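Please refer to the sequence and coordinates shown below while reading.

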Amino acid sequence: IERRMELVRVVSHNTHKKMVSCLQGHIGAEAEKRHSVPRLYTGNGQKKLPLTALSQAMVEGGNQLGEDSLIGKMMEVCGEAENRLATELMQHELQMEKEVLDPLSQLAEVEIPNILKQRKQLAKLVLDYDSARARWLQATKSIISGTNTQALTAKADLLKEEVDEAMNKVELCKDQLAADMYSFFSKEGDYAHYFVTLLEAQADYHRKSLTVLESVLPTIQAQQ
């Protein structure tokens with residue numbers, strides 16, 4: 001499971017990076033910051049949807065050419081359609097972030113690393129136990145060869161308590177680690193569902209985008 005966890009972490013991390021690079025909007029930005037501003041880039045470097053900039057340019061161009069221009073009418077209708085497509089894209093990317101990217105990042109950057117940290121903590125506790133046990137064994141040997149038996153026995157008893165306490169910490173950490181690892185293993189189906197969600201969201205986005213285009217095509221064809 002440890003080897004599987006590390007592999008899942010690496011694969012999830014790489015997939016998350018590539019998926020983010022596919023987004024046209026600025027990841028983590030609110031809806032209005034992605035879509036409502038007519039410039040492609042704002043002063044703070046946040047990227048706007050290119051479709052939003054295109055729609056603005058078309059609508060402005062149509063207004064400049066005026067009602068008497070066929071090209072102007074076409075640009076205005078197209079600009080409004082592109083704006084609706086930008087809205088669909090913005091909603092799609094927000095859904096992707098919430099239902100796919102954020103959980104994938106949480107898995108790769110938080111959940112699995114926390115379990116791996118616990119594995120390192122267990123290794124440290126085992127070393128602490130070995131050290132305490134070595135001191136206790138040395139103390140018990142000293143009782144046999146020593147003269148102050150009572151004092152040496154008292155010291156050995158204290159060291160034995162340290163050994164027992166160290167062993168309890170090892171067992172508690174081991175139990176928690178095992179529980180967390182098996183929990184990860186049992187949730188692999190949930191993690192795999194992120195990719196089902198991705199394809200479902202993409203299919204829904206393309207259906208809605210096609211509906212926008214099919215609704216506007218008759219209008220623009222009639223004008224032509």
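The model discussed here is predicted.

**The largest pocket**

The largest pocket holds about 190 Å³ of space. Three helices, α1 (2-22), α4 (70-145) and α6 (188-223), each contribute at least two residues to its lining. On the lining are Met19, Cys22, Leu23 and Gln24, together with Leu89, His92, Glu93 and Met96, and finally Leu198, Gln202, Tyr205 and His206. Sorted by class, the lining of this pocket comprises seven nonpolar, four polar and one charged residues.

**The nonpolar cores**

In soluble globular proteins, nonpolar side chains tend to be buried together. In this model, the largest nonpolar core contains 25 residues. Those with the most contacts inside this core are Met5, Met19, Leu107, Ile112, Ile115 and Phe184. Helices α1, α4, α5 (149-186) and α6 each provide at least two residues of this core, and the largest share, eleven residues, comes from α4.

Neighbours within four places in sequence aside, Met19 is in contact with Met96, Val100, Leu101, Leu104 and Leu198.

**The annotated region**

The unreviewed UniProt entry places a "coiled-coil region" at residues 149-176. In the model, this span is 100% helix and 0% strand, and its end C-alpha atoms lie 40 Å apart.

What is the burial state of Met96? Met96 counts as buried because its relative accessible area is 6%, and buried means under 20%. This residue sits in helix α4 and touches Met19, Leu23, Leu101 and Leu198, when residues up to four places away in sequence are not counted.

Arg4 is located in helix α1. Its relative accessibility is 38%, so Arg4 counts as partly exposed. Beyond residues up to four places away in sequence, Arg4 touches Phe184 and Glu188.

Asp130 lies in helix α4. With 41% relative accessibility, Asp130 is therefore classed as partly exposed.

The table sets out C-alpha separations for pairs that include these residues.

| Pair | Separation along the chain | C-alpha to C-alpha distance |
|---|---|---|
| Met96 and Gln202 | 106 residues | 8.7 Å |
| Arg4 and Leu159 | 155 residues | 39 Å |
| Asp130 and Gln202 | 72 residues | 55 Å |

Gln202 occurs in two of these rows: its C-alpha atom is 8.7 Å from that of Met96 and 55 Å from that of Asp130.

Technical notes
Residues are numbered from 1 along each chain as its sequence is written. This is a predicted model: local features need pLDDT of at least 70, side-chain atom pairs count only at pLDDT 80 or more; totals for chains, interfaces and linings use all residues. Side-chain values use heavy atoms; hydrogens and water are left out. On a 1 Å grid over the protein atoms alone, a cavity is a set of points where a 1.4 Å probe fits but cannot get out, and a pocket is an open set with protein on both sides within 12 Å along at least five of seven lines; lining residues have an atom within 4 Å of a point. Grid points are joined across faces, edges and corners, and a volume is the space filled by probe spheres set on the points. Helices (H or I, at least four residues) and strands (E, at least two) are DSSP runs, numbered from the N terminus. Ala, Val, Leu, Ile, Met, Phe, Trp, Tyr, Cys and Pro count as nonpolar, Asp, Glu, Lys and Arg as charged, and the others, Gly among them, as polar. A nonpolar core is a set of buried Ala, Val, Leu, Ile, Met, Phe, Trp, Tyr and Cys residues joined through side-chain atoms within 4.5 Å. Buried means under 20% relative accessible area, exposed over 50%, partly exposed in between (1.4 Å probe, protein chains only). Contact means heavy atoms within 4.5 Å. UniProt positions are given in the numbering used here, feature names are shortened, and annotations may be inferred rather than shown by experiment.
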